[in-house]
Amino acid sequence: MEPADRPQNRAAGPSSPARRSLMKAAGTAAAAAVGVTRNAGAQVVPVRSPFTTPWLQPLPVQAPLKPLDKLSPEPLLDVDRAGEECGRATHPAFKDFAPKDFYEITAARGQHEFHPELPRQDVYGYNGQVPGPLFHARYGRPVLVRLRNNLPNLRRGYGSPDVSMHLHNMHTPSESDGYPVDWWSAFAYAGTLTRAGRFKDHHYPMIYAGNDEREALGTLWYHDHREDFTAGNVYGGMAGFFLAFDEIDSGDENDGDNDALRLPSGEFDVPLMIGDKQFDSSGYLVFNQFDNDGFIGDKFLVNGKIQPFFHVAPRKYRFRLLVASTSRVFDLQLRYQDKVQTLTQISADGNVFTAPILRPNVQLGAAERADIVVDFSKFPVGAEVFLTNRLAHLDGRKPEKEFLRTPVQLLKFIVDKPLRSPDNSRVLDALRKQPDIDLGEVKKTRTFSFARDGGAWTVNGKLFEDKRGVVVEKGTAEIWNLRNDSGGWAHPVHIHFEEGRVLKRNGGTPPPWERGRKDVYFLGPNESVSVFLRFRDFTGRYVMHCHNTIHEDHGMMIRYDIED
């Protein structure tokens, strides 16, 4: 523990390969601290979680956080030298896009019950809850989110009290993007920050990239991004949904505007945060951030609860699926009487498609999202319909090739709620237009190799260092070739700031659900994708990394700079 009355810079320098080596060497001791054991082969093996009875608790469904009239102290373009805000950079878009909606949340220790048969226990979460508060925002209404950090100034078995919040993947100026090295607390700071602080203001202009409404985002999420400790902090609870609306995806199924999609809205628009956790024999959450392969839990959660149930009415629902796992990949299906039902997928990574896609399954790696619409009116009253996962994982490396014979049931829908009003929602044959791909805009083509070198995770043979290297010219386009050269591991690669378009997967045409805009590109063993990217509106430092957060924390990340 460090003294609570002396602000300090915990950073070892501009980058942390040396700290990662120390973290790896400390694996045995840390494994014991987080409740895992070692087998004869010296592999870290989690204790098997206690049995839990499914369907004992309802699915938590949040109401969106209400904006505040004002914040105190008043948000400023620059940091008040005499105030309590950490020493951040100037908000570059503050004058042009003055905040209209104000929010305040707090990173704090709270109490959470994952299941009635497990003990209530400490978690680190936004407002001390899991998941964090739900945000609803609108394009054209700039948002300012004040994050306070009330986490205790001590290290627990995993994670860190220092934070850097990332809104994944909003088109955001660099100083509010949650750059991993710019972490802070009331007691410490790093990177370009100039001091510790009690809070940090995040300015989200809520503009379309390139002022193009075809670039609208819908389903986003926010999570901690602290360098070296993203995995532990997110696993411990620091993640939540952020939904964006505009005149087309308006969030109103009764919208009279002819251009509005009128997708299911209100209580029928339900975010689902899907993940896996591990518990010790006493029922307390455990985690091993020193297993370089990745981390897999044996309990499956939706919105922070193990195998919950959800009462639904006989009508259409929009479900916003997010895989918030550390390493696990999910292959999701809807099953009724053990028969697979057709899913209507309308978006990928928060980007609404040009047209809906009918599918029997949706496969998602860590941080990938998909919006689906399910019409429960086709099921009889009292029907029990299950959201299931059919992918097996033996470890954090990758999913197995063969599907589970008996899929794991994640969430039970019970069709027994009365229909109190007509269902005016719809899924049109034509949804959102996509921006054109103009290869004539491309100024440079780059290749990035994601590999395992000497037991470490690298991009182009290097561990992450906070140094200027990849420089992109603002207002240009590039093609980034992403290759998985690590052998038997999977890597969901996330590029901050801009949505991309997959031109090729493994040298061929991408599947229909990858032809829209995305920000996470799943690379199975020996796979590759070519991605078209435009870089617009803002300059600054951003990152690309594997979203298997264990890999990210152990070096599989690069910095790139957008410059005029």
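A salt bridge is taken here as a side-chain nitrogen of Lys or Arg within 4 Å of a carboxyl oxygen of Asp or Glu. The model is predicted, so local features need pLDDT of at least 70 and side-chain atom pairs count only at pLDDT 80 or more, while totals for chains, interfaces and linings use all residues. Residues are numbered from 1 along each chain as its sequence is written, and side-chain values use heavy atoms, with hydrogens and water left out.

Asp255 is located in the loop connecting strand 12 (239–245) with strand 13 (269–279); strands (E, at least two residues) are DSSP runs numbered from the N terminus. Asp255 is buried but forms no salt bridge, buried meaning under 20% relative accessible area with a 1.4 Å probe, protein chains only. The nearest side chain of opposite charge, Arg138, is 6.1 Å away; Lys and Arg count as positive and Asp and Glu as negative, with His and the chain ends not counted. Beyond four places in sequence, the contacts (heavy atoms within 4.5 Å) of Asp255 are Ser250, Ala260 and Arg262.

Strand 7 (residues 143–149) is largely enclosed by the rest of the structure, because seven of its seven residues are buried. Val143, Val145, Leu147 and Asn149 point one way from this strand, and Leu144, Arg146 and Arg148 point the other way. Strands count as paired if DSSP finds at least two bridges between them. Strand 4 (residues 101–112) runs parallel to strand 7 and is joined to it by seven bridges, with Ala107 partnered by Asn149. Strand 10 (residues 199–204) pairs with strand 7 in the antiparallel sense over six bridges, and Lys200 in strand 10 stands opposite Leu147.

Key: Helix = DSSP H or I, 4+ residues; strand = E, 2+ residues; numbered from the N terminus. Buried < 20%, exposed > 50% of the residue type's maximum accessible area, 1.4 Å probe, protein only.
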